[in-house]
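Q: I have a structure open in the viewer and would like to learn how to read its features. Could you walk me through them?

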Amino acid sequence: MNHAPALSVRQGLVYVSTAAIAWGTGGPAGAMLHGAGQLSPVAVSFWRFACGAVLLLAVARSRPSWRAVLLVGPAMAVCQAAYFAAIAQAGVAVATMITMGATPLLVAAGGRVFLGEPLRRSGLGCAALAVCGLAMLVGGADAITPAGAGYALLSAAAYSLVTLTTRRMPADGVAVWGFAGGAACLLPLAAAGGLLPAGHAVTNVLLLGYLAAVPTALAYGLFFAGLRVVGGTTASALSLIEPLVAAVIGVVLLGERVSAVQAGGAVVLLCALAWLTRGELRGQPAGASRQGETSC
């Protein structure tokens with residue numbers, strides 16, 4: 001039996017956009033934990049998932065989803081560990097912009113190849129803009145390394161897999177049991193490299209608490225809920241808000257630099273984002289289901 005989604009498309013867009021803003025603060029928080037707490041990227045990801053799962057279990061009642069544990073969990077573990085590894089190699093701004101810039105392209109390609117979802121001409125135009133913006137972001141980076149770019153692209157590929165496979169799964173179950181599965185995958189690696197943070201205990205606890213609550217439990221809960229009514233390609237493109245937020249924080253608080261070419265690339269990506277969002281709102285009536293369909 002089909003049920004009408006609880007959210008309208010406009011509300012779904014707000015949910016996904018809010019999630020992207022919250023994600024933009026997660027990279028800097030993880031970078032501070034990596035530096036101040038001397039935690040490896042894998043350990044940061046483990047604590048983020050474990051604490052996020054605990055928070056969601058405390059407020060939600062969802063039955064165990066083995067599909068989320070076995071499929072979404074490992075993909076999220078790879079996504080987060082590779083993301084924080086990219087930050088360690090290339091910095092918050094560059095790593096986030098490459099990861100989120102590549103994701104819409106991978107989601108659009110994956111949806112077409114594996115799910116048979118059509119690509120509209122407007123979607124091809126959006127993809128072309130995103131490619132140009134991504135090329136500017138990578139080409140304008142002074143300190144980027146092959147390892148940093150590789151980790152960022154690996155994170156994007158895993159994130160795309162999560163986006164494509166969770167659109168028909170219950171939002172609350174995906175988040176909490178995906179985190180649980182991801183934490184289980186990361187625990188052996190995190191323990192081998194040092195599981196407990198060093199340095200000032202209060203600072204580490206506050207950073208971990210924020211990382212688990214805002215850019216993890218809240219953001220992923222909103223994102224998975226928004227995916228019920230927003231196309232996967234559009235949702236991933238809306239996530240391009242994240243690199244803008246992360247770049248601003250990286251420059252203002254962490255002393256990182258973004259070149260003029262990279263800033264131009266960010267503008268191009270945001271133009272693709274605006275194009276997709278406009279098409280989503282014009283092409284789908286409020287409240288209509290987006291199951292099995294992408295806007296691109």
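Q: What should I know about the ground rules?

A: This is a predicted model, where local features need pLDDT of at least 70 and side-chain atom pairs count only at pLDDT 80 or more, while totals for chains, interfaces and linings use all residues. Residues are numbered from 1 along each chain as its sequence is written, and side-chain values use heavy atoms, with hydrogens and water left out.

Q: How many helices and strands does the protein chain have?

A: Helices (H or I, at least four residues) and strands (E, at least two) are DSSP runs, numbered from the N terminus. Here the protein chain has 11 helices and zero strands. As for the chain overall, buried residues make up 53% of its 296 residues.

Q: How do I read the length of helix 3?

A: Compare the end-to-end reach with an expected span, which is 1.5 Å times one less than the number of residues. Helix 3 covers residues 66-90, 25 residues in total, and reaches 35 Å from its first C-alpha to its last, close to the expected 36 Å. Helix 4 (residues 92-114) has 23 residues and reaches 31 Å, close to the 33 Å expected.

Q: And where is the kink in helix 3?

A: The bend at a residue is the angle between axes fitted to the seven residues ending there and the seven starting there. In helix 3 a kink of about 35° lies at V72, shortly before the proline P74. Helix 4 bends by about 25° at T103, and the proline P104 follows within four residues.

Q: What comes just after helix 3?

A: G91, which takes a positive phi of about 95°. Helix 4 is followed by G116, also with a positive phi, near 65°.

Q: Is helix 4 mostly covered or mostly exposed?

A: Mostly covered: 17 of its 23 residues are buried.

Q: How do I read aromatic pairs?

A: Rings of Phe, Tyr and Trp (its six-membered ring) pair if their centres lie within 6.5 Å; planes under 30 degrees apart count as stacked, over 60 as edge-to-face and the rest as tilted. A search of the whole structure finds 10 aromatic pairs. Y83 and F84 form a tilted one, 5.4 Å centre to centre with 45° between the planes. Elsewhere, ring pairs link W23, F49, Y159, F179, Y220, F223 and F224 into a cluster.

Q: What about the nonpolar core?

A: In soluble globular proteins, nonpolar side chains tend to be buried together. A nonpolar core is a set of buried Ala, Val, Leu, Ile, Met, Phe, Trp, Tyr and Cys residues joined through side-chain atoms within 4.5 Å. The largest one here has 71 residues, and those with the most contacts inside it are W23, L33, F49, M76, F179, F223 and F224. Helix 3 gives the most to this core, with 13 residues.

Q: Which residues are in contact with F223?

A: Contact means heavy atoms within 4.5 Å. Leaving aside neighbours within four places in sequence, F223 touches V16, A19, W23, Y159, T163, A235 and S239. Across the protein chain, 92% of the contacts with a separation of 6 or more are between residues 24 or more positions apart.

Q: Is R48 buried or exposed?

A: R48, in helix 2 (residues 41-59), counts as buried because its relative accessibility is 2%. Beyond neighbours within four places in sequence, R48 has contacts including W23, Q80, F84 and Y220.

Q: Why does H200 count as exposed?

A: Because its relative accessibility is 54%. H200 sits in the loop between helix 7 (171-193) and helix 8 (201-226). The C-alpha atoms of H200 and A36 are separated by 7.9 Å, although the two are 164 residues apart along the chain.

Q: Which class does Y151 fall into?

A: Y151, found in helix 6 (residues 146-165), is partly exposed because its relative accessibility is 36%. With neighbours within four places in sequence left aside, Y151 is in contact with A82, A85, A86 and Q89.

Note on methods. Buried means under 20% relative accessible area, exposed over 50%, partly exposed in between (1.4 Å probe, protein chains only).
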